[in-house]
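I opened this notebook to keep track of what I looked up in the structure, one entry at a time. My entries follow below.

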Amino acid sequence: MSIKVMLADDHALMREGIKHLLEFDGTIEVIAEANDGVECLEILKNVKPDILLLDINMPILNGLNVLDELKQKNDDIKVLMLTVHSEVEYLIHAVDIGADGYILKDSGSAELKQAIDIILGGDSYIQPSLLPVLNSRLINRDTDKDKLQSLTRREIEILKQIAGGMFNKEIAINLNISERTVKNHISNIFKKIDVSDRTQAAVFAIRNNIVRLY
């Protein structure tokens, strides 16, 4: 009996290529395709694949949103994220939400099929080249917890706005405080989370789910 796969990717040529690779030896059948996240969820109401290959960058509703919705519904479908994103923040978010696997689109067909087999066998699969940075980031989370707990509610509020790309003047207007007060808060934030600039602060915020990439 063949493995039933659904593809969700907004690039038709990408779907066509992946479908051809998967179905080449007859062990896998692509039973459904979706062009965006909303269409993916609609199709899944009527189709039950063994595994969903899910792209992150899709219009209307992206792959991380789709994954989140499926997990909130306690849908037992296996989900393999198939993406161009090698940045660890995307990987961390996918793992946190509950992705069964994460593999890059530049992988070979043998590795993709191996990932599918491993996931359907009950294990998770992360592309080996991504594991060192994932493990390093997970270890650093324990250190980040202490830093997070040291921040006040107001400092977290300001950190969110820094990560959103806002300048001190905009933050001051939004929070109805003076620019001098904003500067003092930012100085304290930088010391507490051990960063030296706004970009590093934004990365810290993303890494610790203070703000989200999706």
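**Entry 1: β5 and its partners**

I began with strand β5 and found that two bridges join β5 to strand β6 (residues 125–126), the two strands running parallel. For this I took two strands as paired if DSSP finds at least two bridges between them, and I took helices (H or I, at least four residues) and strands (E, at least two) as DSSP runs, numbered from the N terminus. When I looked up Tyr102, I found that its bridge partner in β6 is Ile126.

I noted here that this is a predicted model, in which local features need pLDDT of at least 70 and side-chain atom pairs count only at pLDDT 80 or more, while totals for chains, interfaces and linings use all residues. Residues are numbered from 1 along each chain as its sequence is written, and side-chain values use heavy atoms, with hydrogens and water left out.

Which strand pairs with β5 over four bridges? I found that strand β4 (residues 78–83) does so, in the parallel sense, and that Leu80 stands opposite Gly101 in β5.

I then asked which way the residues of β5 (residues 101–104) point: Gly101 and Ile103 point one way, Tyr102 and Leu104 point the other way, and all are buried, where buried means under 20% relative accessible area, with a 1.4 Å probe and protein chains only.

**Entry 2: the helices between the strands**

I looked up the handedness of two crossovers, a crossover being right-handed if, with the strands pointing away from the viewer, the path from the first strand over the helix to the second runs clockwise. The unit made by β4, helix α4 (residues 88–97) and β5 is a right-handed β-α-β unit, whereas β5, helix α5 (residues 109–120) and β6 make a left-handed one.

Is α4 mostly covered or mostly open? I found α4 mostly covered, since eight of its ten residues are buried, including Val88, Tyr90, Leu91 and Ile97, and also the residues Glu89 and His93. Just after α4, I noted that Gly98 takes a positive phi of about 125°.

**Entry 3: the chain as a whole**

I recorded that the protein chain has ten helices and six strands, and that its C-alpha atoms fill a box of roughly 65 × 30 × 30 Å, taken along the principal axes. Buried residues make up 46% of the 214 residues in the protein chain. I also looked up contacts (heavy atoms within 4.5 Å), and residues 24 or more positions apart account for 61% of the contacts with a separation of 6 or more.

How values were computed:
Buried means under 20% relative accessible area, exposed over 50%, partly exposed in between (1.4 Å probe, protein chains only).
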